[in-house]
Amino acid sequence: MSHYDDLETRSADERAAAQLAALRKQLAQTSGAPGGLAPDDIESLDDLARLPVLRKSELVERQAARRPFGGIRVSNLAQIFQSPGPIYEPGGVTHDWWRMGRFLHACGIGTTDIVQNCFGYHLTPAGHIFESGARAVGAVVVPAGVGQTDLQVRAAADLGCTAYAGTPDYLKVILDRAEEMGEMLSFTRAAVGGGALFPSLRQEYADRGIACLQCYATADLGNIAYESQAMEGMIIDEGVIVEIVRPGTGDPVAEGEVGEVLVTSLNPDYPLIRFATGDLSAILPGASPCGRTNTRIKGWMGRADQTAKIKGMFVRPEQVAELVARHPEIRAARVTVTREGEMDAMAVQVEADGGDEGAWAESVAQVLKLKGRVSRVDSLPNDGKVIDDQRDYG
């Protein structure tokens, strides 16, 4: 299979030189020199470690002070999205603005495909991110969005959709419902993100004749890394610089050591420099057998903090604190994440002497944006955990 463009097969020296030039341009258009460094002070990509880390909490504070983007100079603005925090992200409509076409091409999706895009289109940008990528590879898009499974099945069957884009587990919901409805679907490829693709689920799709690959992307940064058909680690996108650092710091760790993912976006329309994702990963030595030469990471290996992604939605410690604050009788609460079959499951334990579990459940749905089992306990372990992710990522 051909590569998306010549950038994917550059030598390490060619890539580093191009990224250094792009980084200097980013610094030149950033308001104020981060860390007191000017573009000419950055002599190699190693000098990135001299620049400060930008964390989501800081971005929230900056944006609250200077709407909408915290003073970051944004160009070619076409859309504004909102993520929990709230954080506001810009969007563009120029060619492949979020660089998702590279991933869809790696999935084998192209001009002969009809993509059923089951990412959300409202407020958050995921639906637009994947639609932009599908247009970049010449595919037709059905903007299906989230939910209404019977209608999803009807559209997939009537239109002969060949590729799915969405969270990893929702495709199984569609396939299982199609079987119940007696419908034969034509999916042969799936491009997924927004949650972990568990090996057992990938195998189930393979058994149904669907090749499923995953990417690692965020609303702020677009595509960060993606799988190819070699399925050995995730190849870093050509439009970003990725560092792995010791969590809570900006200090790079040794190759192969697990640390927090920092990303510098080389998108000139929205310069984010050393943006801390809060995710854990590690550099995978060597190059992909598929011929792409960029560095690989091992993929998503958990969170550097206690934030968890459940059914494609982030649940943060601050949200658990808001849940507790809403009900004076609650002393503490803990969110536990597990898997039931091939679906994420969330349970909320509430430490309280009394109270209304129905009211708590309503608050959980409002604050966490997800539904889960809510139960009262006399006491929770004194270990500082408010989000306990018990899913097996092996």
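The model is a prediction, so local features need pLDDT of at least 70 and side-chain atom pairs count only at pLDDT 80 or more, while totals for chains, interfaces and linings use all residues. Residues are numbered from 1 along each chain as its sequence is written, and side-chain values use heavy atoms, with hydrogens and water left out.

Start with the nonpolar cores, where a core is a set of buried Ala, Val, Leu, Ile, Met, Phe, Trp, Tyr and Cys residues joined through side-chain atoms within 4.5 Å. Buried here means under 20% relative accessible area, exposed means over 50%, and partly exposed falls in between (1.4 Å probe, protein chains only). The largest core has 44 residues, and Phe 103, Leu 104, Ile 109, Phe 130, Val 242 and Ile 297 have the most contacts inside it. At least two residues of this core come from each of α3 (101-106), α4 (126-136), β5, β7 (211-218), β8 (222-226), β9 (234-236), β10 (240-245) and β11 (259-265). These helices (H or I, at least four residues) and strands (E, at least two) are DSSP runs, numbered from the N terminus. A second, separate core has 21 residues, among them Ala 308, Val 324, Val 337 and Val 350. In soluble globular proteins, nonpolar side chains tend to be buried together.

Just after α4, Gly 138 takes a positive phi of about 85°.

Ile 297, setting aside residues up to four places away in sequence, touches Tyr 216, Ala 225, Gly 233, Met 234, Ile 236, Val 242, Ser 281, Ala 282, Ile 283 and Leu 284. With the residues up to four places away left out, the contacts of Arg 296 include Glu 232, Met 234, Ile 235, Ala 282 and Pro 289. Arg 296 and Ile 235 are 61 residues apart along the chain, yet their C-alpha atoms are separated by 4.3 Å.

Another arginine, Arg 189, sits in strand β6. Leaving out neighbours within four places in sequence, Arg 189 is in contact with Cys 107, Gly 108, Ile 109, Asp 113, Thr 162, Ala 163, Tyr 164, Ile 210 and Ala 211.

What about the rings? The whole structure holds 5 aromatic pairs. Rings of Phe, Tyr and Trp (its six-membered ring) pair if their centres lie within 6.5 Å; planes under 30 degrees apart count as stacked, over 60 as edge-to-face and the rest as tilted. Trp 97 and Trp 98 have ring centres 5.1 Å apart and planes at 80°, so this pair is edge-to-face. Because Tyr 164 lies in strand β5 (residues 163-166) and Phe 187 in the loop between α6 (170-181) and β6 (189-192), their pair ties together parts that are 23 residues apart in sequence. Tyr 164 is buried at a relative accessible area of 0%, and Phe 187 is buried at 5%.

On a 1 Å grid over the protein atoms alone, a cavity is a set of points where a 1.4 Å probe fits but cannot get out, and a pocket is an open set with protein on both sides within 12 Å along at least five of seven lines; lining residues have an atom within 4 Å of a point. Grid points are joined across faces, edges and corners, and a volume is the space filled by probe spheres set on the points. The search finds 2 cavities of 30 Å³ or more. The largest cavity has a volume of about 70 Å³, and the closest to its centre of its 13 lining residues are Asp 169, Gly 195, Ala 196, Arg 339 and Asp 344. The second largest cavity, at about 50 Å³, has Trp 97 and Trp 98 among its lining residues.

The second largest pocket holds about 660 Å³ of space. Its lining has 25 residues, with Gln 19, Leu 45, Ile 241, Val 242 and Thr 295 nearest the centre. Strand β10 gives the largest share of this lining, 5 residues.

Notes: Contact = heavy atoms within 4.5 Å.
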